[in-house]
Structures are given as structure tokens and as C-alpha cells.
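This report describes selected local features of a protein structure, taking up strand pairing, charged contacts, surface patches and backbone geometry in turn. Please read it alongside the sequence and the model.

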Amino acid sequence: MAASRPPARAGLVRSVVAAAAITVALLYPIPFEWGGYIYYETVGFLVLLTAMLGIGWNIIGGLAGQFDFGPSIFFAIGAYTAALLSIHLGWNAWLALLGAVVVSMALCAALTYPVTRLRGHYFAIATVAMWMIAQPIGATWSFINGSQGLFIPVAAGGGFVHGLLTMEFPGRGKGLGFYYLCLLLFVVILLGARAIERSKLGFYFRAVRDDQDGAEAIGIDSRLYKVIARCLMAAIFAAGGTLYGFWALAVFPDQVLEVNWNILPMMAAVVGGLGRLWGPVIGAVILIPISQLMTATLGAGPLAGRGIDLIIYGAVIMLIAGWRPNGLLSLPWAEWAARFRRRPAARPAGS
Amino acid sequence: MRILRLAAVVVVLLFVAVQLSPGARAAGPVTEVLIGELLPLTGNFASLGQQYLWAGQTVEDIVNNDYPDLQVPLGPGKGFPGLGGAKMTLVVRDDQSRGDQARALAEQLITVNKVHWLNGEGTSGNTSIIQPLVDSYGIPMSCHACASPTLTEKGFKWFWRTGPNDSTMVASVFQFLKEWPAHGGPKDLKTIALFTCDNLFCQDNRKIAADLAEKGGYKIVADLTTKTGATTLASEVQRLQSANPDVLFLVQYPAETTVFQADAKRAGFMPKVIATSNGAYSDQTWLTAQKATSGAAGWLGRDPTAIDLASKKASWKKVNEIYKKYSRGQDMGELAMREITGMLWMADTINRAKSVEPAVLAKAAAETDMKPDQMIIDYKGIKFDANRQNVLATGVVTQIGWDDEKHTIWPWDLAAQSGFKPIFPSPSWQERETRSKK
Amino acid sequence: MTLFLQAVADGLQMGLLYALVAVGLAIIWGLMEMINFAHGEFMMLGMFGAWGLSVALGWDPLVSMVPIAVLMYGGGVLVYRLLMRRVQRGEVFTQIFATVGLFFFVQNGVVALFTSDYRFVEKSLLTSLSGANLTFGGLRVGIPLLVGGLIALALFLVLYLLIDRTDFGLAMQATAEDRDAAMLVGIRPQRMYAVAWGLGTALVAVAGVILANFFSVYPQAGLSFTVLAYAIVALGGFGSILGTLLAALLVGVVQSVTAAYLPPAFKDAFVFASYILIGLFRPQGLFGRF
């Protein structure tokens, strides 16, 4: 069995995997809808939401290599803008999402440009600073009702299709509806991120990441591209925030600015592999179900209230970090697959 | 591409099938009543969540075991007599004080664990997030100790609350202050300062207090909203000091209250009256810690029951004993008391309904008319208005005395029973130090 | 005017306490550039240590400071050897990821052992002095906070001398600046990092021990102080121990003065806004070296 695998076969493997992934993604909630176990659809929703946010974060963190620890402000801006547009102006959810994205990008550009003077960890603290400034604004600004939150009203009635058009699922269609809404946004964002990665923009981002001074030397305005990267992230987070707002039907400042929205997308990207397109997706698929599973088993029953599930969760994270510091996608998958099939790894075409 | 087209066809077919299929239904007699407990057991609100958990475990114990002399619903006898002795089982989930977790786990409890009643979340903010969800599934839900008035004002059909909300709680304090001059109290309390943290709980209280203060003819000389988790309040205390209020209305969590006390002590700041509602005043550990320094003597606030009188009630004592089994020896705090009362009401309702069908439960809940003698708490009873809020949930106003225990000072009939003369003015820091050293 | 001056005085006092919390981070992150999300949790462990020993053995926190420091030094070295050393092989972001895991692990470990109740150190030298003041021309200075502040200053001085005036300190700085070059001259980077982690953890645990005299002890106590600590180290500038101290004082004063005149809920926000403002003019902080 010394013959090398022809390139066409490798392509076939890839499209089978792709088709399988797409089928799973599309059909995932159906069996749960049948059995009435809606919760698992919501887990799917959370996975996709985190993956989406992770892809967004990957643009500024993975591609452009900047430390952004305060992306949740754009999640919050998105959620609040969409909520306000929906409540006060009666806008449709999708229009509100567009509005949220525009506002978020505009604010991001205005806020980020000045601080691009700072580099590395200094920049990181500047992003944290923005987050810390956002918190009392969220808690005390009466226009957004401060810490008492905004509530999005849901009109009664309306079927599934109506729900997809307005993000309102008054009845039991919530689980299914939001899963597919999130899947749609996720696919759009994934394709967009892939396009960015392969475009000139992607090259500029990576240049800034790998050697900022070198990039400047050949005429790349690092400050501009840092801002662009962050604004792309802000747009995605705003979309996520809008989706969250309509899912939770309530926007509270301490919840949309919660520290988890800062670190979870980043964690997903790191676990999967920083800078890789599918990294955050792998990361989200691993992290969310693990934490949900542990909450349901170790955090319940007689051990409840002791935080045992979080202890184990923390230990698992440390194990992954120590074992694969470059992310799980850095594992030599192709080699392993080849060894499993007892064939040498595919040699490049033409050899 | 052919694979994709095939997949799309399959999806559409399955989709259609889903819309036509009925949901799963459980059948057969009920042997276990599942009560979902969705609580913040870790994260920022963990110190509250754990008390709710212990309260739940206490009620589970009371219902499932035979306590023949215990005069509370389902005390004697094992299980639910109305359901043939079925037992009560808590299904506990920790949402880490996060809204998204609360939302997801509520759905888990309802659709996977198929709980019959959802108890939670314990904080008003996260409870608001799960209300629309529970309403869409149509099972009963309660958060007895959640205090935000909005929870029962948004028209949710499945949310029941036996405990009072902030409006009634803060109103009791102001009612006491209003009636005090006629009962031997000071007649010259004119100015008030509001001192609250910046989250939902504190701000709800602040708005109500500001409103009542104006109506009561007080002049608001300072209205400071502080950062939750503040590490120092020295400047804030300075501002309060220069405003020189007669009454300080303070709503803060235990950690910030401790910081306030230390800073106030250094500055020598002590208004004539310190009034509060919930927060630190409801926290057992903070109250216990005050014993060493008499730091809370003279503080007055709202309580659900006349604790000094209740602890003479046999049922209160017995329930406290059971509670201490789960709380590692901590006495029932007032939060736990509200929650236990509510959950015992829930058990009673399930028992009266003789069913776990949501519609039947709702009907039994609506028909509730529980009398005070069956409760460990001083509500006038349990009876719900159209918003499913218990209208007989009152409370008392208590004050902490030099013995570092709470004494009832309002309403006046109960105050007469407790025989405690309110402390006025609030003792200075030097006096506290001298007296606590004795 | 007294309001302002008293606010400045109060701010300086709190600044010294913040400096105490930040000094450990100044070594691990400021000098060696390793991100530690769990910094506050080590402080919290110090608080619990002080409380535990006070309750179990009646030791004053000023006494238990020493054994706790030694123990936590070992803990820090252990964390480095078992976890962070491996994590260093990867991206910088993995350090945050790993220390997030550490954060969950430590905080909830304490919840499991002690519950989330609030605890208080009741009998100690500093608590017995609570409320005692020194007055300088109309300004109050609280004695217990002053003692805490003096301990902070002493630790800073020791640390400054260690990092800037000894060969060992120079070796640490060298490793931080250029690990490979340091290896070429015979410095073992692993050892430097381990010591940095040990020292940093020990120092922040000592901060916790002192703070336990003034603040409630509970598992979630780390958060409020840590975010400020990060701002302080960055504001002072990476690589500068004295910068951290000065930044801490500045932060304390800004916080205190803004709370005296502006809505108090925004006091930390103003601290962070000042960070951004200063950063615009001095992108390397006040005294940053890199």
C-alpha cells in the first residue's frame, strides 16, 4: 500500500466532511423538537452564538493580534440599540440589527482610533478601561432605564416563518427559531470572515500582528487597520447582542456587559486555535456543552451549591491549555488519520 | 452539490413532520413531584443563592418526612397525601448569576427534566429573564423572596409570589417613621439622604424611597448611587456628612455596608436614624459579625416577621432546627424565612390540587386562602390579587438593640408585645465601642 | 476646601492599599509579561488564610502574614511549574485562557470548602485600632490604614531594591526583555519565571492578609481590587516598580476626588478614563520601560 493518495481523494474527503457538518448543523434540532427536549436546541443556539462571537474576536485577536479584553461593550451596544429601536420606534428586528451594527461600528471607530497609539498590553488595558467605563453608564443612564433594564415586548401569535422575519417566537417555537436564526447569522459571518481572511485586508491584519514596525515601514497604516479589525469585530458582536436581546427579551446592563462575554469568545478561539477560521467553532463546540453538562450533573443533586462543576470546568480548561497551548486545531490531524489508515500521509500533487 | 441538495430535501421533509407531530406527554400516576430550583449558587449572588438552596432543602425535608407536631403545611405525614404519598424532589441548577445560563437552564429544567414547578431565580434581574420563557411553556413559577415590584406587574400569567415586594417593604419603614412621633418618637426628622448601590435591587429601593420621602415631606439632601463592589466609600461618607441628614436610608450589600461602617467610623459620621431595607440587614453573617462591635445597634429596617416574637413560636423553632442541618449551623435568615414560607405554600397548593397538571395547579393557587397560624412568618395570610401577588404579605419594622438582636418596633400592637423601646438617636461610634467592650 | 484635601488624603491612603495588591502583579505581569486572570483569587486565598488562622489559632494577621507568604510563594512556583511553563509554549492568549481556568478552580474550590458566606477577622491589632485617627491640621488619617500603607511602602522598597539593585533582579529584567539573549549569558529563564510567580503570588497573598483586617472575606472578594490592580500596573508602566507605586497613589486620589464631587458610581470609570487620557500622551505609561 505504498501508493500515494491522489489529490482528488483528499478533496472528496473534505467535501464529505463538509456535507456531514452541514447536515448535522441543519438537522441538529429536529430530533429534540420531536421529543420535546427544547433545551438541547438552546445549547445549539449558545454554541453557534459563541462561535459567531469567537469568529468576530478572532479578527482582532487572531488575525490582527491585538489584545482585546473588552469586546462585550459592543455586544451591549448592539443589544441596547436594537432594543431601543424596537421598543421606541417599533422597528423590525432585522432592521434593528442593522441599526445596531451601524451604531456599533461607528462608536468603535471613534473610540478605538485614539487608543491605537497604545501597543500590546497597554492596549489591552485600554479595552478593559472602556468596559469599566461602560458599566456605570449602563447602570445609571436613565435613557436606557439604567440597572432596571429594557424589556422587549413580544406580540402574541405569529407562526414560525413570521418569527424568522421578526425574531419573535411567542410560543414554544423559541428553541427551534433562535437556533436557525443563529445558524443563519453564523453562516453569513463565517463566510464573511473567510473572505476577509483571504483578502488583502487579511494580509494587512496579519502583517500588523506579526511585525507592526515592519508593516509600517512598507507603508501599512497599522493604526487604521487595527481600527478596521476592531470595527469588524464590533459589527459581529453587535449582531450577537441583538440576537441575545431578542432571545432573552430583556436587556440588563450587568448581563450584557458580563465578564463572560469578554472572555468566552476569546477562549473558544484559543481552544480551537487562534487565527484559524474554524478555531472558534471547534472551541465553542467543546466548551459550551462541557460546561452545560457539568452544571447539570456535578452542579446539581447533593453536590449542589458547592461549585464542584466549576472546579472541574476550571481544571479541564487548565488541562487543555497546558496540553495544547496552541489550540486543538494545532494537533497533527492529517498525520494521525494517515497512521490510522496505515498509509503514508498524502504527498503533494505532482510527486 | 448533489449531497447538499439531498440534505435540503430531507430537512424540509423533517421540518414538515416536526410541525405536525405532537409533543411527548407523560402518563400514569405521579410518584415524584419535581420542583426545579434555578439559583445563583456561584458568582456574584452566591451568598443569596445558597440560602435559597438551604430553604428548598428544608422544605423538601419537611414534606417528605413525618413531623407530627409541626404546624405547617405538609409537616405531619410523608409526602403529598393528595397525590397518594408522592414525594417532593428538588432538581437544582446553578446559573452562576448569569442571565444566559439562567435562560438556558430554565429551558433544561422545563423541557428535559420536566419539572412541575419552577422555583427561582432568586434575583429579580435573572427572574425577569426567565419569566417570558416559563409563560410560553405554561408551568407555574415562583420567586418568593424576589423583591422587584415589576415582576408581578408585567402581566405574566404563571408567576406567583407570596413574599412582599419592595414597594410594601420600603413603605413599612416610611410608615413607621410617619407614625413614630405620635408614639413617643422624635418630631423633628426633616431631612433624608439616600445611599444605594447601583444594581437593580438597590435602585428599585431607591426609587420607591425617593418617592415616599417626597410624599412624606422630607427634604432629600443627598442622593448618592455608589458602585457595587466599591473598595472604599470615604469620599461618599464625606459628602453625606456635609449634607448632614436626619435620616439615612441605606440599601447596600453586606460587603459594601462593612466598608461604609469602617469609613463612617473614621469620619465620625452618624445620622440620627439609619433606616434600611434588605441587603445587609437580611444577611445572617453580617448580622452576626456586628455582635463583636455593636456596629448595627440602632439600625432599623424591615423584616418579614417579628423575629423576637417568632422565635417563641414552636413551629419556627422546629423549622429552624431542620434548616440548620443544611446550612451548616446558620440560623434561618429573613430571606430563608420568606422562601420557606413560599415553598410550603407551593407544596400545599400541589397537595390541594391533587394533580401536577399546570391548569389545575394554577386554579388551586388562585384559590389560596392560607391563614397565619400555619406559617412561621408574620404575613396576615396568603391571598393573591389579579397579578398573582400575595396582598397579605406584610412585614414588620425591627430595630437592632444593644443585645445585637432584632426587636419589633412596628406595627404598634406587635411592638407592645415585644416590649422594646426604640433607640433614638442612633448611637455614636464611641458609645458603640465603649459598650461593646464591656 | 477641606472636602478636597480630605479626599486627597483618603485617596493616598487607599492608593497605598491598592499598591499592595498591585505589587505582585507588577512582577508577574509588569516585569515578566505573563497574564494572570487569577491574580485576585490569590489575594482572596491570602484573606482566607488570615481569617482561618485567626479563627483556628488566634493568630493576628500581622503574624500570619509570614507563613502565608511562604506558603503562597510555593503555590506560585507550583502554578508556574505545572501549568504556566507549558502554556508559555503557545500563544500569549493561552495564558489568559489557562488562568481563567485557574480562576474558576480556585474561587469555586473556596466556595466548596467555605461556602459563600461573608466572614470577618474580628480580633486583631488593626481591627482594634479601627476608627482611631491621626489628625494633621484638620485632616484625618486612619491609623489602621496607615499601618497597612506603611507595610505596602516597605514591601515596595524591598522589591525595588531586589529588582533594580541586585544581580538577581537584573537577571529577571534581562529574561523579560530578551529570553534568548538571557540564556546566552547563562541565565536560566525557567528559574526566573518561577521566582517571579512565587514572589508575585506571595506578595498579593500578603496584600490579602492585610486587607482582611478591613474588608469582608468571601470567595468573590478578589474582583473589585484586581481590575484596579491591572490598571495600576499598566498606568505605571511595564517594568517599573516605582511606576506601579506612583500609579497606585494616583489611582487612589483620582478615585477619591471624583467620588467627592461627581456621581460616585463613576469613580472607577474616571480612573480608567484617566488611564486612557494619560496613555494618549504617554503610551508606555508613566515610567514604562517596554
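## Strand pairing in chain B

B:Gln399 of chain B stands opposite B:His407 in E12(B). This is a predicted model, in which local features need pLDDT of at least 70 and side-chain atom pairs count only at pLDDT 80 or more, while totals for chains, interfaces and linings use all residues. Residues are numbered from 1 along each chain as its sequence is written, chains are lettered from A and ligands numbered from 1 in the order in which they are written, and side-chain values use heavy atoms, with hydrogens and water left out.

Helices (H or I, at least four residues) and strands (E, at least two) are DSSP runs, numbered from the N terminus. E11(B) and E12(B) form a hairpin with 5 residues between them, and B:Asp404 in the turn has a positive phi of about 65°. E11(B) also pairs in the antiparallel sense with strand E10 (residues 300–303) of chain B, over 4 bridges, and in that pairing B:Gly301 stands opposite B:Thr398.

Strand E11 (residues 396–400) of chain B is mostly covered, as 5 of its 5 residues are buried, where buried means under 20% relative accessible area, exposed over 50%, and partly exposed in between (1.4 Å probe, protein chains only). From E11(B), B:Val396, B:Thr398 and B:Ile400 point one way and B:Val397 and B:Gln399 the other way, and all are buried.

## Salt bridges

A search of the whole structure finds 26 salt bridges over all chains, a salt bridge being a side-chain nitrogen of Lys or Arg within 4 Å of a carboxyl oxygen of Asp or Glu.

| Pair | N to O distance |
|---|---|
| B:Arg103 and B:Glu107 | 3.2 Å |
| B:Lys215 and B:Asp211 | 2.9 Å |
| B:Asp263 and B:Arg266 | 3.1 Å |

B:Arg103 and B:Glu107 are separated by about one helical turn, because they are 4 residues apart in helix H3 (residues 99–111) of chain B, and both B:Arg103 and B:Glu107 are buried. B:Asp263 and B:Arg266 are likewise separated by about one helical turn, being 3 residues apart in helix H8 (residues 254–267) of chain B, and B:Asp263 and B:Arg266 are buried too. B:Lys215 and B:Asp211 are 4 residues apart in helix H6 (residues 200–215) of chain B, again about one helical turn; here B:Lys215 counts as exposed at 64% relative accessibility, whereas B:Asp211 counts as partly exposed at 39%. Chains A and B both contribute to a network of salt bridges that links A:Glu258, B:Arg98 and B:Asp100.

## Surface patches on chain C

Patches are made of residues with over 30% relative accessible area and no salt bridge, like charges being joined within 9 Å and nonpolar side chains (Val, Leu, Ile, Met, Phe, Trp, Tyr) within 5 Å. On the surface, C:Arg81, C:Arg85, C:Arg86, C:Arg89, C:Arg188 and C:Arg191 gather in a patch of positive charge; Lys and Arg count as positive and Asp and Glu as negative, with His and the chain ends not counted, and the place of a charge is taken as NZ of Lys, CZ of Arg, CG of Asp or CD of Glu. Helix H3 (residues 61–87) of chain C supplies the largest share of the positive patch, 3 residues. C:Arg188 is found in the loop between helix H8 (179–184) and helix H9 (189–211) of chain C, and C:Arg188 is exposed, with a relative accessible area of 58%.

A nonpolar patch is formed by C:Met1, C:Phe4, C:Leu5, C:Tyr261, C:Leu262 and C:Phe270, with about 580 Å² of accessible area together; accessible areas come from the Shrake-Rupley method with a 1.4 Å probe, and for residues only the protein chains shown count as cover. C:Tyr261 lies in helix H11 (residues 241–261) of chain C and is partly exposed, with a relative accessible area of 44%.

## Backbone geometry in loops of chain B

The peptide bond from B:Phe424 to B:Pro425 is cis, with omega near -5°, and B:Pro425 lies in the loop between helix H14 (412–418) and helix H15 (429–437) of chain B. B:Asn278 is not a glycine, yet has a positive phi of about 60°, and counts as buried at 4% relative accessibility.

Definitions and conventions. Pairing = 2+ DSSP bridges.
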